[in-house]
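Colleague: Could you walk me through this structure? I would like to begin with the metal sites and then look at a few backbone details.

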Amino acid sequence: MSDHILHAEHVDHAEHDHDDHEHPKESFISKYIFSMDHKMISRQFLITGIIMGTIGMAMSLIFRLQLAFPNMRFSFLEGILGHWAKDGKLDPNFYLALITIHGTIMVFFVLTAGLSGTFSNLLIPLQIGARDMASPFLNMLSYWFFFMSSCVLLFSLFVKDGPASAGWTVYPPLSALPSAIPGSGMGMTLWLVSMILFIGSALLGGINYIATVLNMRTKGMKMTRLPLTIWAFLMTAVLGLLSFPVLLGGSLLLVFDRSFGTSFYLSEIVAEFAGGIERTGGSPILFQHLFWFLGHPEVYIILLPALGITSEVIATNSRKPIFGYRAMIASILAIAILSFIVWGHHMFITGMNPFLGSVFMLGTLIIAVPSAVKTFNYLATMWQGNLKLTPAMMFAIGLVSFFISGGLTGIYLGNAALDINLHDTYFVVAHFHLVMGSAAIFGMMSGIYHWYPKLFGRMMNETAGQIHFWLTFIAAYCVFFPMHFMGLAGVPRRYYANTAYDQFNVFVDMNQFITIAALIGGAAQIIFLVNFFYSMHKGKRSVQNPWKSNTLEWTAPVEHYHGNWLGEIPHVYRWPYDYSKPGAEHDFIPQNIPDEGQTDPMQEPHVAEVERRVKVDPVVA
Amino acid sequence: MKISNTLTKSAFLLVILFSVTLSLVTQTVNAGNKHLKFNYADCPDHKTKLAGLTLNNDKNAAGDRIKNTWIKNFQTIVKNGSNKLKIIDLNKENTSTTFQYLSVVQVKSLKALIKTESENPAFATFIPVIILQKVMSEAEESLGSKINWLLIIVVILLIMVIFLVISILSRISDIQGKPAINWNSLNSKFSLAFILLGMLAVVWEFGAHSKLTVFNEGPASEHGINYDNMFMITLGLTGIVFIITQGLLFWYGYKYKSDGKRKALYYPDNHKVEFWWTIIPAVVLTVLVIKGLLTWTQMTNHSNKEARRIEIFGYQFNWATRYSGADNKLGSHDFRQVGKINNLGIDTNDSKAYDDVIVVNELHLEVNKPVLLAFRAKDVIHSAYMPHFRVQMNVVPGLPTYFSFTPTVTTAQMRTKMDKPNFDYILLCNKICGAAHYNMKMKVVVDTKAEYEKYMSAQTPLVANKVSKPKAVVLK
Ligand code: HEM
Ligand SMILES: [Cu+2]
Ligand SMILES: [Cu+2]
């Protein structure tokens with residue numbers, strides 16, 4: 001952002017009352033490092049998230065190699081991993097460490113901090129019309145907690161006994177007793193430290209997002225005029241605020257069990273195995289309750305922002321209002337509330353009381369209804385649209401596709417009876433990678449392509465973006481779809497190799513196919529990385545509103561100013577989805593354009609037009 | 001009465017004490033043999049061979065060197081009397097990594113095995129093999145570093161090519177003032193192609209891979225029939241939704257692409273449509289919920305008093321089974337005794353345990369006879385998963401869990417049905433539990449009544465072992 005070329009439009013804005021937003025030249029440190037500007041913090045979150053994502057992906061490729069070629073020696077691995085891959089053979093303990101850190105990185109560092117952190121920070125102030133977050137200082141602190149947490153996690157990769165290896169769900173006793181697995185020594189301690197810092201970051205961020213959305217909306221920005229992105233970020237923050245403290249409590253008790261000889265989660269374990277102190281009286285299942293009380297809302301913390309982004313991108317690029325705006329808000333609320341009473345579906349076979357299982361099953365299947373409504377609304381938004389198939393739009397379509405595929409398998413897993421044979425198999429791996437992994441990553445990608453001009457003032461290369469999309473999309477299906485069949489054959493997850501099982505030998509080919517697809521998908525991310533970093537300085541300069549979008553962020557100048565708008569903050573006169581409104585000159589009417597009495601959509605002249613077109617195209621009606 | 005009680009008790013204690021000493025020689029040696037075999041199961045050369053065989057004659061198979069190194073290292077350790085950590089260090093070189101993660105008990109049993117085998121005159125013969133193998137492994141190194149370099153160069157080249165393509169493309173579009181490629185129309189065609197080819201691929205995959213799943217040969221248990229029904233109903237309903245929604249999504253992507261002339265339809269709401277597409281999924285899900293609840297309630301009903309009780313005991317990284325014997329009652333247990341005298345921590349004061357039978361790493365069930373499995377774990381959470389029976393339950397230290405079911409197809413019948421003469425049912429560990437989690441499995445055999453009785457009579461109950469013939473034990 002070295003050169004400031006002012007867009008003609010803003011020069012005259014600048015003449016308006018321009019309170020305290022003229023800054024003296026900032027130092028490098030206060031501008032790029034300890035920045036309190038939400039746009040810079042957003043970029044910090046994004047780039048840290050991308051780096052973590054690259055590491056997480058690289059890990060998945062390494063263990064995919066192991067799964068596909070369990071008997072082969074990859075000497076180059078020894079170069080990377082040292083004694084963890086002696087003679088090119090991955091160590092089984094390190095395999096478990098890799099999947100654990102991969103899962104942790106992807107779930108928390110990429111799709112919670114990287115996704116929510118980036119887009120909540122960027123879009124909340126810009127889309128509600130605020131100069132910055134409620135507390136820029138807490139916001140900065142939130143990033144630095146996240147940064148420290150990332151560093152601690154990465155550092156744990158280098159400790160002698162290896163990083164945490166008990167799975168990203170870190171169930172005790174495995175995670176509590178170093179004698180059970182080497183990763184539960186120092187590695188697990190660092191994992192917990194990292195997690196506690198992370199929770200700090202999530203809470204600081206969350207409070208800020210909520211306060212900002214509730215208190216700092218510009219004039220005219222009623223809650224029912226908020227873009228769906230903001231609704232999604234708001235509910236995400238609420239979910240985080242209510243559930244992360246529970247994980248914090250759970251983690252602290254685990255710290256006690258590990259370091260101070262308590263037995264919150266330990267029962268009937270002899271002294272010899274438990275660091276010299278006999279442990280009894282606790283319950284390993286208690287930890288699972290605490291973990292999943294966060295864990296399930298967590299998947300919506302991941303998914304809701306992605307869905308919010310998709311709503312915005314699909315509406316803009318279909319040049320149509322989002323279908324069923326109020327139903328969309330209602331389903332976000334329903335999902336958020338229900339997500340607190342379904343955590344037990346991760347624990348159907350822990351031996352819980354069958355009646356309790358029934359209750360959790362009921363809740364889980366009910367959640368499918370608002371999810372279905374959201375899907376149908378996306379489809380209806382695209383129906384009769386005027387689709388601009390930009391990379392952002394393609395990624396949004398990809399998200400909907402994954403959301404359907406992964407959501408439907410959720411109906412199997414949410415059914416306690418069916419879960420008996422599916423729990424912890426590759427069916428689950430396939431399910432959550434589609435509905436949470438792929439869908440949310442695609443939402444994030446969609447957001448990056450869509451708001452890149454807002455983030456960096458330049459455009460990403462479109463062709464590279466499209467190629468990136470198709471390669472990633474097809475690779476993701478090739479990787480995760482076949483895994484369902486492995487799961488249905490009973491292949492368990494978190495297995496270092498399946499070679500000891502005659503029944504699973506039939507999957508050798510499939511495993512190799514999956515790994516090759518994963519490698520291609522991984523290579524496609526290089527295209528993205530190059531495009532991302534190249535365009536930052538060399539990309540085409542963006543115009544102010546490149547996608548002809550209605551929301552407020554596009555009324556702010558391309559260049560970044562502390563305070564966002566040079567002049568007065570725009571006022572809002574309408575909802576954000578006035579696309580292709582009959583009678584309007586353009587196919588979009590930004591929210592800050594005064595309303596000429598046309599806001600009630602169903603009372604308007606277009607209704608006749610709707611009816612006429614419905615007759616012509618009866619696909620849905 | 002009292003005297004006989006004390007007598008049985010002291011006999012029981014005697015037996016256990018005796019078995020402590022004995023264990024080093026017989027029981028433990030056998031267990032050691034089993035561990036060795038077990039840990040080698042993933043090495044194709046070792047499926048059938050035991051250490052003893054290796055020691056006696058077979059010394060040229062490639063994989064044997066590992067075993068030999070192991071045995072040699074163990075031998076050193078037995079001599080020096082050092083501990084588990086040392087063993088791990090000594091064997092760091094070895095490819096057979098699973099061996100590094102043995103529990104204390106397993107190490108003990110292996111030690112015992114080595115000790116007896118050391119006294120075997122054939123023992124001296126395999127040391128040269130180790131030396132030979134050392135030389136072989138050095139040849140592979142140089143190739144490895146070459147691949148390394150190749151990989152780095154390929155990645156760098158790839159990045160450079162992408163850079164180049166991107167900058168050329170953006171030059172072109174800059175010069176022409178419009179995008180180099182019309183992605184809008186291309187993408188709409190790709191959308192159509194994707195959904196058509198994708199659906200074909202899905203159909204193909206169902207054809208090709210369904211037969212690899214456990215649904216192909218049908219359930220081997222009574223409740224499994226309901227399970228499979230439930231599954232198929234869900235598959236049918238979700239399948240329909242899958243085809244319709246995915247189809248529409250990409251069809252719209254194809255059909256409604258912008259052509260520069262059309263304007264989109266302003267269509268923000270339609271309460272009627274929204275009502276129906278909320279109600280219909282809700283009704284469908286209600287059907288699934290009701291059917292699911294019925295299936296679940298039936299599957300989790302463990303109240304059958306007739307059921308034969310068997311305990312499944314999980315520990316890093318193996319399974320043991322304990323049959324409850326004639327009284328169909330499992331003797332109680334005390335975790336403090338685990339790993340000291342008896343691996344399973346059977347309570348020596350409980351007479352119900354006397355007729356219990358413990359077998360490591362094999363489970364026999366009788367066909368059409370309800371069985372109640374009681375699960376117990378020693379160290380961390382495991383999960384007993386028997387996919388062919390649609391059975392799974394977590395095995396949690398300190399928290400007893402149960403699963404009852406009725407096997408309906410014998411191993412022999414299943415072998416004929418699948419036309420696989422080597423097929424065996426398995427019980428897998430399905431909860432991450434440590435380095436050899438992936439190898440923690442147990443063979444499950446479903447016998448006919450006659451076979452089962454024969455099998456059980458060949459086993460020795462805990463106490464009858466030394467006191468009298470198994471069938472003659474009189475309890476109480
Ligand atoms: C680059 C593409 C990816 C590939 C090839 C991949 C592959 C895998 C595989 C093979 C496993 C291990 C399964 C097992 O042995 O249990 C795994 C675990 C996991 N992955 Fe991914 N994954 C990818 C991306 C993601 C993303 C985007 C997420 C984000 C949600 C994610 C989240 C997880 C989680 C939570 C686990 C479970 C870790 C555990 O078992 O503790 N992955 N992944
Ligand atoms: Cu959940
Ligand atoms: Cu296990």
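Modeller: Let us begin with the copper ion (ligand 2). Its protein donors are His296(A) through ND1, His345(A) through NE2 and His346(A) through NE2, at 1.6 to 2.0 Å from the metal. Please keep in mind that this is a predicted model.

Colleague: How are the donors of the copper ion (ligand 2) spaced along the chain?

Modeller: They follow the pattern H-x48-H-H. His296(A) belongs to helix H9 (residues 284-318) of chain A, and His345(A) to the loop between helix H10 (325-338) and helix H11 (354-382), so the pair ties together parts of the chain that are 49 residues apart in sequence.

Colleague: Is His296(A) buried or exposed? And what about His345(A), buried or exposed?

Modeller: His296(A) has a relative accessible area of 6% and is buried. His345(A) is also buried, with a value of 12%. The cut-off for calling a residue buried is under 20%.

Colleague: Let us turn to the copper ion (ligand 3). Which residues are its protein donors?

Modeller: They are His382(B) (ND1), Cys429(B) (SG), Cys433(B) (SG) and Met440(B) (SD), and they lie 2.1 to 2.5 Å from the ion. In sequence, the spacing of these donors reads H-x46-C-x3-C-x6-M.

Colleague: What is the geometry at the copper ion (ligand 3)?

Modeller: The site is tetrahedral, and the angles among its 4 donor atoms run from 91 to 121 degrees. Four donors count as tetrahedral if all angles lie between 85 and 135 degrees.

Colleague: Where do His382(B) and Cys433(B) lie?

Modeller: His382(B) is part of strand S6 (residues 382-386) of chain B, while Cys433(B) is in the loop between strand S9 (425-429) and strand S10 (441-447), so this pair ties together parts that are 51 residues apart in sequence. His382(B) is buried at 0% relative accessibility, and Cys433(B) is likewise buried at 0%.

Colleague: Which polar atoms approach the oxygen atoms of ligand 1?

Modeller: Tyr95(A) places a polar side-chain atom 3.0 Å from an oxygen atom of ligand 1. For Tyr426(A), a polar side-chain atom is 3.2 Å from an oxygen atom of the ligand. Arg494(A) contributes through its backbone, with an N or O atom at 2.6 Å from a ligand oxygen.

Colleague: And the iron atom of ligand 1: what are its protein donors?

Modeller: His102(A) and His433(A) are the protein donors, each through NE2, at 2.0 to 2.1 Å from the iron. The angles among the 6 donor atoms range from 86 to 178 degrees, which makes the arrangement octahedral. His102(A) is in helix H5 and His433(A) in helix H14, so two parts of chain A that are 331 residues apart are linked. Both histidines are buried, His102(A) at 12% and His433(A) at 18% relative accessibility.

Colleague: Changing topic, which peptide bonds are cis?

Modeller: One of them joins Pro172(A) and Pro173(A), with omega at about 5 degrees. Another runs from Gln316(B) to Phe317(B), with omega near -10 degrees.

Colleague: Where is Pro173(A) placed?

Modeller: Pro173(A) is in the loop between helix H6 (136-155) and helix H7 (186-215) of chain A, and it is buried with a relative accessible area of 0%. Phe317(B), for its part, lies in the loop between strand S1 (308-315) and strand S2 (318-323) of chain B.

Colleague: Which residues other than glycine have a positive phi?

Modeller: Among them are Arg319(A), with phi of about 55 degrees, and Asn368(B), with phi near 60 degrees. Arg319(A) is in the loop between H9 and H10 of chain A and is buried at 2% relative accessibility. Asn368(B) is in the loop between strand S4 (362-366) and strand S5 (371-377) of chain B, and is exposed at 52%.

Colleague: Finally, what does the side chain of Asn394(B) contact?

Modeller: Asn394(B) makes a side-chain polar contact of 3.1 Å with Ser383(B). Asn394(B) belongs to strand S7 (residues 391-395) of chain B and is buried, at 1% relative accessibility.

Technical notes. Residues are numbered from 1 along each chain as its sequence is written. Chains are lettered from A and ligands numbered from 1 in the order in which they are written. This is a predicted model: local features need pLDDT of at least 70, side-chain atom pairs count only at pLDDT 80 or more; totals for chains, interfaces and linings use all residues. Side-chain values use heavy atoms; hydrogens and water are left out. Donors are N, O and S atoms within 2.8 Å of the metal (3.2 Å for Na, K and Ca); water is not among the atoms, so sites may look incomplete. Four donors count as tetrahedral if all angles lie between 85 and 135 degrees; four count as square planar and six as octahedral if opposite donors are over 155 degrees apart and all others between 65 and 115; anything else is irregular. Helices (H or I, at least four residues) and strands (E, at least two) are DSSP runs, numbered from the N terminus. Buried means under 20% relative accessible area, exposed over 50%, partly exposed in between (1.4 Å probe, protein chains only). A polar contact is a pair of N or O atoms within 3.5 Å; within protein, one must be able to donate a hydrogen and the other to accept it, and residues adjacent in sequence count only if both atoms are side-chain atoms.
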